[in-house]
Amino acid sequence: MNSLVSALPGRRRAGLILALGLLLAAPWVAGPYLLSVLVLALYYAYVGQAWNVMMGFAGQLSLGHALYVGLGAYVSATLYLHAGLGPWAGVPIAAAVSAAAGAVIGFLAFRFGIGGVYFALLTIAFAEFTRIGFEHVDWLGGAGGLFLPVVERGHLDIVDLRGGPRLFYYVLLALTVAALWLCHRLRTSRIGYYWLAIREDPEAAQALGIDLFRYRVLAAAISAAMASVAGSVAAFYYNSLTPADSFGSAKSIEIILGPLVGGLGTLIGPILGAFVLTGLGEALRALLDVTGHQVPGATQLFYGLVLLLVIKYLPGGIWPGLARHLGLGNRVG
Amino acid sequence: MLSGRGAGVSTLLSVEHLDLFYGDAQALSEVSLDVPEGAITAIVGANGAGKSSLIRTIAGIERPRAGRIVWRGREIQGRASHEICDLGIGQVAEGRQIFPSLSVLENLEVGGHLPRARRFKSDGLAQVFALFPRLAERRSQAAGTLSGGEQQMLAIGRCLMGRPELIMFDEPSLGLSPALVGEMFRIIERLNRKDGLTIVLVEQNVAASLELAERAYVLETGRVVMSGSGAELLNDDRVRAAYLGL
């Protein structure tokens with residue numbers, strides 16, 4: 001964390017500390033509704049950061065990231081229910097399973113030269129196969145899914161990750177900060193330089209002497225492992241999971257909206273994008289409720305509209321322009 | 001690295017009876033050539049003669065169907081391209097393949113992170129900036145905003161960051177203004193004469209590259225049809241008629 005903060009120019013450091021202070025204080029000011037919205041925003045900030053490693057850094061478009069999130073949820077929940085293994089042991093195991101899945105898919109795709117759109121289709125296919133497969137496994141609850149025992153209000157058990165929204169808020173905040181730090185470290189390391197080179201021009205990266213295969217698979221594995229943790233936490237937060245919700249393509253799309261709107265390949269973009277989208281989406285829902293309208297799918301439609309506007313007017317996302325405007329330097333990051 | 005010229009006429013790289021196919025189409029047949037250490041070796045020929053294919057095969061990007069590629073006495077055909085770069089065989093590919101949205105400095109640092117670069121203690125960046133002061137001036141500018149000549153300098157600088165012993169240039173003067181073409185050849189000459197780098201030069205600019213080259217090969221439809229010193233080929237009637245328009 002120190003290296004991240006000290007590497008920043010003064011204004012950025014001040015901004016980051018201010019934002020972190022506000023986020024730390026928020027649960028003690030916000031009501032239950034606002035807190036649940038903030039939990040959702042942090043969840044998408046974290047999982048967007050995970051996806052950004054693969055697409056924003058290494059340039060590999062995954063449209064099936066729900067697979068890794070869902071595996072994280074299912075593995076940790078199953079271990080908890082069937083083996084009595086708490087999340088502190090279950091989350092790392094789940095992350096390893098997801099990393100392996102990411103590495104295998106990456107291995108198959110990159111070994112056989114499947115790239116671009118075809119790679120994206122392959123990631124959708126794997127997520128869909130997994131969804132259909134899980135719907136037919138009875139001890140995983142089949143299509144009806146798994147349910148974790150619900151805890152009483154006010155009960156707090158950090159060891160088993162049982163508690164109210166405030167607990168999950170802080171867990172997700174810690175994860176988001178940790179992911180930001182990790183991505184900053186990766187971005188400024190040899191691996192990060194290789195990833196950017198591969199994203200910019202794979203042929204040139206190869207000609208320069210970079211092992212494309214190895215670093216693409218590494219990006220897939222790291223991104224999948226990070227995404228997995230979000231799934232585990234969500235499973236213990238909602239106490240229920242179904243194959244359709246966990247692995248569905250709607251989930252995969254939701255994961256990528258934040259980084260796209262906030263700024264692909266930047267460190268702050270996925271966080272900013274998640275907060276902007278979740279905030280606007282909830283505001284729209286509240287507006288429709290107040291005016292007495294029932295419009296199914298209105299928020300999805302609205303997300304699509306925001307995405308169109310961002311692609312049209314801010315193709316790099318909100319953050320690069322905002323950073324310039326705030327005098328935080330025009331460098332990506 | 002500073003082996004100097006004339007220190008010996010040992011062969012650094014040799015290619016023996018190389019065959020390359022793209023599907024059924026044969027791109028190289030029975031290509032053999034020697035690259036002497038510390039020299040400039042030119043490979044000339046028309047478009048589609050197989051010059052780029054030859055470089056890409058030596059670099060490990062294309063897999064030959066038959067033949068040997070020998071580097072310092074060791075066979076290296078079939079090895080992965082990053083392993084071949086790690087041996088000290090660098091290339092400046094055709095069309096200035098820089099990383100456009102990264103800064104000039106970041107482009108160079110990608111090269112500086114390669115395992116071979118990290119084995120060197122001296123500061124590669126300072127050497128590249130000494131060779132190309134323009135890159136130092138524009139270090140924080142996005143590489144995509146550089147002029148064509150500057151992008152070519154960046155591509156060369158990035159390759160140098162990886163500490164090659166041999167650099168293969170594929171059409172380095174392509175698309176540059178006449179003044180810059182001259183400068184590009186002076187840079188290549190300097191890298192060879194002053195820094196002791198062995199050079200393989202693939203060029204459409206036949207006259208200029210033959211003038212510079214100790215050894216030269218003429219490639220036609222994937223075959224070596226002529227070889228000799230640069231001066232010999234420059235005075236050869238067939239070369240003069242076919243490539244120099246004389």
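This is a predicted model: local features need pLDDT of at least 70, side-chain atom pairs count only at pLDDT 80 or more; totals for chains, interfaces and linings use all residues.

Me: How much area do chain A and chain B bury between them?
Reply: The size of an interface is often given as the accessible area lost when the parts come together. On the side of chain A, Tyr193(A), Glu200(A) and Leu208(A) lose the most area to chain B, together 33% of what that side buries. Carbon and sulfur atoms carry 57% of the total, and the area that chain A and chain B bury between them is about 2,000 Å².

Me: Which helix supplies the largest share of the side of chain A that touches chain B?
Reply: The contact takes 20 residues from chain A and 23 residues from chain B. Two helices of chain A, α8 (190-200) and α9 (202-208), each supply at least two residues of the side that touches chain B. The largest share, 7 residues, comes from α8(A).

Me: Which residue of chain A forms a salt bridge with Arg56(B)?
Reply: Between chain A and chain B there are 6 residue pairs in polar contact, and the rule finds 2 salt bridges across the interface. In one of these, the closest N and O atoms are 4.0 Å apart, and the partner of Arg56(B) is Glu203(A).

Me: Is Thr176(A) buried or exposed?
Reply: Thr176(A) lies in helix α7 (residues 165-187) of chain A. Beyond its neighbours within four places in sequence, Thr176(A) is in contact with Leu42(A), Ala45(A), Tyr46(A) and Ile271(A). The cut-off for this class is under 20% relative accessible area. Because its relative accessibility is 5%, Thr176(A) counts as buried.

Note on methods
Residues are numbered from 1 along each chain as its sequence is written. Chains are lettered from A and ligands numbered from 1 in the order in which they are written. Side-chain values use heavy atoms; hydrogens and water are left out. Contact means heavy atoms within 4.5 Å. Buried area is the accessible area (1.4 Å probe) that two parts lose on being put together, summed over both. A salt bridge is a side-chain nitrogen of Lys or Arg within 4 Å of a carboxyl oxygen of Asp or Glu. A polar contact is a pair of N or O atoms within 3.5 Å; within protein, one must be able to donate a hydrogen and the other to accept it, and residues adjacent in sequence count only if both atoms are side-chain atoms. Helices (H or I, at least four residues) and strands (E, at least two) are DSSP runs, numbered from the N terminus. Buried means under 20% relative accessible area, exposed over 50%, partly exposed in between (1.4 Å probe, protein chains only).
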